[in-house]
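Welcome! Take a look at the sequence and the 3D structure below, then follow this short tour.

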Amino acid sequence: MIPIANPIIEDEEINEVIKVLKSGFIAQGPKVAEFEEKFAEFVKTKYAIATSSGTTALHVALLSAGIGPGDEVITTPFTFAATANSVLYTGASPVFVDIDPETYNIDPEQIEEAVTDNTKAIMPVHLYGHPAEMGSVSKIAKDHDLIVIEDAAQAHGAMYKGKMVGSLGDMACFSFYPTKNMTTSEGGMITTQNKKSCEDSRSLRAHGESSRYEHVTLGYNFRMTDISAAIGIIQLKKLNEFNNRRISNAKYLTENINQMQLIKPPLVRKDVKHVFHQYTIRVDKSKRDKLIKFLNDNGIGTGIHYPKPIYQQELYQKLGYYYSCPEAEKAADEVISIPVHPGLNLNDLEIIVKTLDRASKTIL
Ligand SMILES: Cc1ncc(COP(=O)(O)O)c(C=O)c1O
């Protein structure tokens, strides 16, 4: 089986974890500080704040932006649930805006009409590693005095018009879950240029402490451990190489899929560096399940990212989120992610292409 994701953990990571375990500092300590410094340097922001997951990074970033009950946060419905759930945790409401069907990212042309007196922030997601249209997002945010929090959980190392994802909004949040472009096992990171956002985030991730045992706000235990940070420091060194392999795998897949009928490969907008967290193709709704079965029966792992827009999830229906985002709904019926991760070799890629070609000539 060629898996849809396969984290690459080598001796270097393992040895660093052993060193941490032997050091006595196994919770948040010097390795977390070193990882934060290196990550901020990589993203080109002044500050980086490590957390226990991408979800807790989003939760802390929203809280440190002062978002709470009564506020609205504009985001995409075509994403992992954590994006919208993190808004709910604060007591605010996510407001869903449909996607651009070419990039699967929030459609900037539809954001403005969703702005109300209660809107406080826009949270674009760089889905699959393709940067959202940040020029338009930033302009709308500026015009309406809104905060921008990038959900960069899937886009470590991606770039928009020559600038690093993670440095394009007021704050950004990354995930280091094992399937991501780099991992720490579980883990997350907030990046920002703003000193106060950094200080508030650091406090919120540690029970609202201003100093040891002085609690000034209701915070949480959302800290990263030095064990995770030790893995992250090594993975960060390898990130460019991992991303280069994802990009060249994607290029190979696209060159071949372009020759096939009925399968639409992903596009890459000009002026962006897409880091292919996922390589997601599209087929007609009536063919999707058949193609997934064919790929799986022939040893190729697949994923559906994502099977329904967030507002159609039972939780959101129960909360009364009745929306209609036709492009997100259509995409949810048509997308299939296929392997693109850096663990693939040429033989794997050839198998994927040959199998897709056979599918397009026989079952589609
Ligand atoms: C777009 C998006 N946002 C947020 C998250 C949450 O990250 P984590 O799983 O590290 O909590 C993820 C990853 O799972 C994600 O893909």
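A polar contact is a pair of N or O atoms within 3.5 Å; within protein, one must be able to donate a hydrogen and the other to accept it, and residues adjacent in sequence count only if both atoms are side-chain atoms. With that in mind, here is one for you to find: a polar backbone atom of Gly 54 is 2.8 Å from an oxygen atom of the ligand.

This is a predicted model, so local features need pLDDT of at least 70 and side-chain atom pairs count only at pLDDT 80 or more, while totals for chains, interfaces and linings use all residues. Residues are numbered from 1 along each chain as its sequence is written, and side-chain values use heavy atoms, with hydrogens and water left out.

**The ligand and its surroundings**

- How many residues surround the ligand? There are 16, and the closest are Gly 54, Thr 55, Asp 151, Ser 175 and Lys 180; a residue counts as near a molecule if one of its heavy atoms lies within 4 Å of it.
- Thr 55 brings a polar side-chain atom to 2.5 Å from an oxygen atom of the ligand.
- Lys 180 also has a polar side-chain atom by a ligand oxygen atom, here at 2.9 Å.
- On its own the ligand has 380 Å² of accessible area, and the protein covers 93% of that; accessible areas come from the Shrake-Rupley method with a 1.4 Å probe, and for residues only the protein chains shown count as cover.
- Where does the ligand sit? You will find the ligand in the largest pocket.
- A pocket is found on a 1 Å grid over the protein atoms alone, as an open set of points with protein on both sides within 12 Å along at least five of seven lines. A molecule sits in a pocket if more than half of its atoms lie within 2 Å of the pocket's grid points.
- Two elements give two or more residues to the shell around the ligand: helix H3 (54–64) and helix H4 (81–89). H3 provides the largest share, 3 residues.
- Helices (H or I, at least four residues) and strands (E, at least two) are DSSP runs, numbered from the N terminus.
- By type, the shell holds 6 nonpolar, 8 polar and 2 charged residues. Here Ala, Val, Leu, Ile, Met, Phe, Trp, Tyr, Cys and Pro count as nonpolar, Asp, Glu, Lys and Arg as charged, and the others, Gly among them, as polar.

**Side chains that reach the backbone**

- Glu 13 belongs to helix H1 (11–23). Is Glu 13 buried or exposed? Glu 13 counts as buried because its relative accessible area is 1%; buried means under 20%, exposed over 50%, and partly exposed in between (1.4 Å probe, protein chains only).
- A polar atom of the Glu 13 side chain lies 3.0 Å from the backbone nitrogen of Glu 10.
- Thr 90 lies in the loop between H4 and strand S3 (93–96), and Thr 90 is buried, at 8% relative accessible area.
- The Thr 90 side chain reaches the backbone oxygen of Val 87 at 2.7 Å and the backbone nitrogen of Ala 92 at 3.2 Å.

**Backbone features to look for**

- Most residues other than glycine have a negative phi, and most peptide bonds are trans.
- Leu 262 has a positive phi, near 70°. Leu 262 sits in the loop between helix H7 (226–257) and strand S12 (272–273), and is exposed, with 54% relative accessible area.
- Phe 276 has a positive phi too, near 45°. Its place is the loop between S12 and strand S13 (279–282), where Phe 276 counts as buried at 5% relative accessibility.
- The peptide bond from His 305 to Tyr 306 is cis, with omega near 15°. Tyr 306 is in the loop between helix H8 (285–297) and helix H9 (314–318).

**Pairs separated in sequence**

- Gly 301, in the loop between H8 and H9, is buried at 7% relative accessibility. Gly 301 and Pro 3 are 298 residues apart in sequence, yet 4.7 Å apart in space, C-alpha to C-alpha.
- Glu 241 is part of helix H7 and is partly exposed, at 43% relative accessibility. From Glu 241 to Pro 342 there are 101 residues in sequence and 8.6 Å in space, C-alpha to C-alpha.

Definitions and conventions
On a 1 Å grid over the protein atoms alone, a cavity is a set of points where a 1.4 Å probe fits but cannot get out, and a pocket is an open set with protein on both sides within 12 Å along at least five of seven lines; lining residues have an atom within 4 Å of a point.
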